[in-house]
Amino acid sequence: MRILLSIHEKLDLNSGAAGSTLRIGKEYQKLGHEVYYYSFDDLPSIFPLKVKELVFPEFVAFKISQSIDKFNIDVVDASTSDAWLWAKVLRNLNKKAPVLITRSHGLEHIQHLQDMEEAIRGDLKLSWKYPLYRGSIQLWEVAESIKLADSVYLLNTQEKKYVVEHFEVNPDRAYIFPNGIPEYLINLPFKPLDHNAEVPIKIAQISTYITRKGIKYSSSAINNILNRYPQVEVSFLGTECPECPDVEQVYADFAPNIRDRITVIPRFNHEALPHLLKGHHIKLLPSLSEGFGKALIEAMACGLAPITTATSGPLEIVTNDHDGVIIPPRSSNAIEQALERLISDQIYLNSLRYNAYKTSQKYSWKTTAENRLSIYQQNLKSKNKQLCT
């Protein structure tokens with residue numbers, strides 16, 4: 001098959017959605033398929049980020065039309081909102097139109113609801129520009145791209161329920177596919193915590209440092225934990241993004257007397273993750289909404305026990321008290337209690353760590369790629385039948 005993958009971001013293996021797009025594309029190539037990409041990298045460099053977001057569907061419509069003739073594309077697999085214009089206006093003009101898949105990297109409508117709740121609580125200040133695009137036009141574009149797709153790829157059950165109920169998508173067109181972990185995170189050696197040795201307990205929070213990741217609630221809990229337990233250290237990895245504070249502002253969220261036990265690494269090469277997490281024991285993911293939780297399974301593969309909120313993505317990965325601890329969102333007290341339990345009960349911590357490690361091994365990009373390709377094939381067969389009738 002000849003597959004065009006689009007993503008409204010710059011392509012970067014070390015990032016979230018764009019990294020997932022590249023990894024699934026690489027797996028398709030390993031399985032013998034031709035893969036093409038279209039991203040913000042293909043737009044004029046003079047365009048500011050906001051302009052790229054606004055005009056990307058127009059450029060994607062042109063790119064798809066061009067690629068149909070140039071590469072004879074079989075499948076367009078576009079992230080939400082990318083291909084709505086092509087599907088709505090240009091698709092029916094070409095008998096060779098490819099199958100259209102719309103895929104979610106975290107459904108924008110669910111994130112919007114969380115942002116609005118935070119704004120009502122007074123914990124998030126939305127820009128006056130928010131209702132002009134992200135809170136209106138973009139949500140409409142996402143909905144249209146999902147409604148017009150031949151099939152929709154989603155990350156969790158809540159997303160599927162939402163698109164079925166709110167966009168009237170046929171459940172038979174909506175598929176839940178998890179993300180995977182790269183090969184260099186599979187079957188890493190597992191090292192149990194030595195109860196007899198005095199070693200620091202290390203906590204890792206791997207995410208951008210933004211409101212949606214629950215930083216307000218985790219920073220309060222971490223301040224209390226570090227003040228109470230001098231043997232505990234914390235690492236913040238991958239904090240950087242356009243909307244994020246700089247490193248000094250991250251440190252400013254914590255009391256001066258504990259900052260020497262806090263490490264902040266804004267960006268890192270993803271292949272370095274096993275090294276960066278060496279000696280860590282607990283993965284904290286206090287997100288307010290989470291489509292999947294790729295950093296969650298990656299940390300689990302490195303032998304960390306997760307503490308995560310009861311949000312749609314993590315709930316499909318972690319089983320409470322078996323391979324992690326699930327807590328309610330927006331609760332500093334729950335984060336603090338969960339951390340305290342793992343710190344003070346190392347037998348329990350080791351049990352969760354080992355089970356989390358075993359759970360993570362069932363996630364692979366190869367399996368996800370094979371499953372997604374099977375739906376491409378089904379759609380192509382259905383399309384060919386329609387052309388023959």
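In this predicted model, six strands pair in parallel to form an open sheet, ordered β9-β8-β7-β10-β11-β12. The edge positions belong to β9 (262-265) and β12 (325-327); each has a single partner strand, so one side of each has no neighbour in the sheet. From one strand to the next, the twist averages 20°.

Within this sheet, β7 (residues 201-206) runs parallel to β8 (residues 232-237), and six bridges connect the two. One of the pairings places Gln 205 with Phe 236 of β8 as its bridge partner. Helix α7 (residues 215-228) packs on the sheet and touches β7, β8, β9 and β10 (282-285). Helix α13 (residues 346-360) lies across β7, β10, β11 (305-309) and β12.

A further open sheet is built from six strands in the order β2-β1-β3-β4-β5-β6, with parallel pairing. Here β2 (34-38) and β6 (174-176) stand at the edges; since each pairs with a single strand, one side of each is left without a neighbour in the sheet. The twist averages 20° from one strand to the next.

Strands β4 (residues 99-103) and β5 (residues 151-154) run parallel and are joined by three bridges. Arg 103 is opposite Tyr 153, which belongs to β5. Helix α1 (residues 17-30) packs on this sheet, in contact with β1 (2-6), β2, β3 (75-79) and β4. Helix α2 (residues 49-71) lies across β1, β2 and β3.

| α7 (residues 215-228) | β8 | about 155° |

Which residues have the most contacts inside the largest nonpolar core? They are Ile 282 and Ile 307, in a core of 36 residues. Leaving aside residues up to four places away in sequence, Ile 307 touches Ile 282, Lys 283, Leu 284 and Leu 285, as well as Val 325, Ile 327, Ala 338, Leu 339 and Leu 342. Another core, of 32 residues, lies apart from the largest one and includes Phe 56, Ile 73, Ala 87 and Ala 97. In soluble globular proteins, nonpolar side chains tend to be buried together.

Notes. Residues are numbered from 1 along each chain as its sequence is written. This is a predicted model: local features need pLDDT of at least 70, side-chain atom pairs count only at pLDDT 80 or more; totals for chains, interfaces and linings use all residues. Side-chain values use heavy atoms; hydrogens and water are left out. Two strands pair if DSSP finds at least two bridges between them. Helices (H or I, at least four residues) and strands (E, at least two) are DSSP runs, numbered from the N terminus. Axes are lines fitted to C-alpha atoms, for helices over the stretch in contact, and angles run from 0 to 180 degrees between N-to-C directions. Contact means heavy atoms within 4.5 Å. A nonpolar core is a set of buried Ala, Val, Leu, Ile, Met, Phe, Trp, Tyr and Cys residues joined through side-chain atoms within 4.5 Å. Buried means under 20% relative accessible area, exposed over 50%, partly exposed in between (1.4 Å probe, protein chains only).
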